[in-house]
Amino acid sequence: MAHNWPRDRKHQTPNCQFHSQSKAAVEEAVNAVSWINQSVGSQPVALEPFIKTVLAGLQRLLAKPRRKKEPIMLAMLKGLVDAAGSSPSLSEARTVAIALVAFSAFLKVDEVASLCCCDVQFYPGHMVIKILSSKTDQLHQGDEFVVRSRSATCPVTRHEQYFSLAAINPDNTEQLFRGIVHTRNGEKLRELGSLSYTRIRELLQAKLQSLGYDPALFGTHSFRAGGPTLAANQVVQDQMFKRHGQWRSETAKDGYVKDSMEARLEVSKKLGL
């Protein structure tokens, strides 16, 4: 018997097309169907050669170029220090200290956040920063970084200033960078706790924005990348360069470096054309 299907569009079966710009969304759909296949004793559709080919094609089709954050340049760091002035508040001194230690010691934000007061030791002309463990330290042997004293952007001077303003006992085992509370007598560090990754990112990006930079172009890794970029373009000895950044391979090290235009032009200059 013939069926008289409704002609009115509002009564028609909806068009259930699936649109996605993400390969992950398609994989989730395939995995869901595969789970149903397995539950009834059939071979998972994800193992079908045709499905594997489709997923590989989608990976190429939907691939998006990775947008790396820009490294912090020395001029930006100087601007950050100058904005804080010679007599900064505790909040300003803390932000400057975070930026300088990440930049000068090539540290990741989680390493900065995990620093304890006793991990920083001061000596005439330099300071030593101890890292108990990191992602690159698979054996958890710990490492230490030596940072020297030199100029107005000197990490040593600014850390000494931060220690003084916060009344930090250098033998204290509490976190170095903690939250700040406001009292009648001014600012002071909280007794316990540590700044989170998100909070450190907010502090650094807010400071960059106040200096006129687009915060979307920079992230927390921008400070870790800024130090290596400056060191590479100053032709620091490779062995010392990798040790300072805890890198075991050239690939890992080079991923943090953005060559200067002058360095890039050296290639064509050497051609003698």
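**View 1. Pairing of strands β1 and β2 in a predicted model.** Strand β1 (residues 120–123) and strand β2 (residues 126–131) run antiparallel and are joined by four bridges, where strands are DSSP runs of E with at least two residues, numbered from the N terminus, and two strands pair if DSSP finds at least two bridges between them. Q121 has V128 in β2 as its bridge partner, and in the hairpin, with two residues between the strands, G125 adopts a positive phi near 90 degrees. The model is predicted, with local features requiring pLDDT of at least 70 and side-chain atom pairs counted only at pLDDT 80 or more, while totals for chains, interfaces and linings use all residues. Residues are numbered from 1 along each chain as its sequence is written, and side-chain values use heavy atoms, with hydrogens and water left out.

**View 2. Packing of helices α4 and α6.** Helix α4 (residues 90–104) packs against helix α6 (residues 155–165) at an angle of about 145 degrees, the axes being 9 Å apart; helices are DSSP runs of H or I with at least four residues, and axes are lines fitted to C-alpha atoms over the stretch in contact, with angles from 0 to 180 degrees between N-to-C directions. Contacts (heavy atoms within 4.5 Å) bring residues of α4, including L90, V96 and L100, against residues of α6, among them P155, H159 and Y162.

**View 3. The aromatic cluster.** F122, Y162, F163 and F177 form one aromatic cluster, in which rings of Phe, Tyr and Trp (its six-membered ring) pair if their centres lie within 6.5 Å. Y162 is buried at 0% relative accessible area, as is F163 at 6%, buried meaning under 20% (1.4 Å probe, protein chains only).

Note on methods. Buried means under 20% relative accessible area, exposed over 50%, partly exposed in between (1.4 Å probe, protein chains only). Rings of Phe, Tyr and Trp (its six-membered ring) pair if their centres lie within 6.5 Å; planes under 30 degrees apart count as stacked, over 60 as edge-to-face and the rest as tilted.
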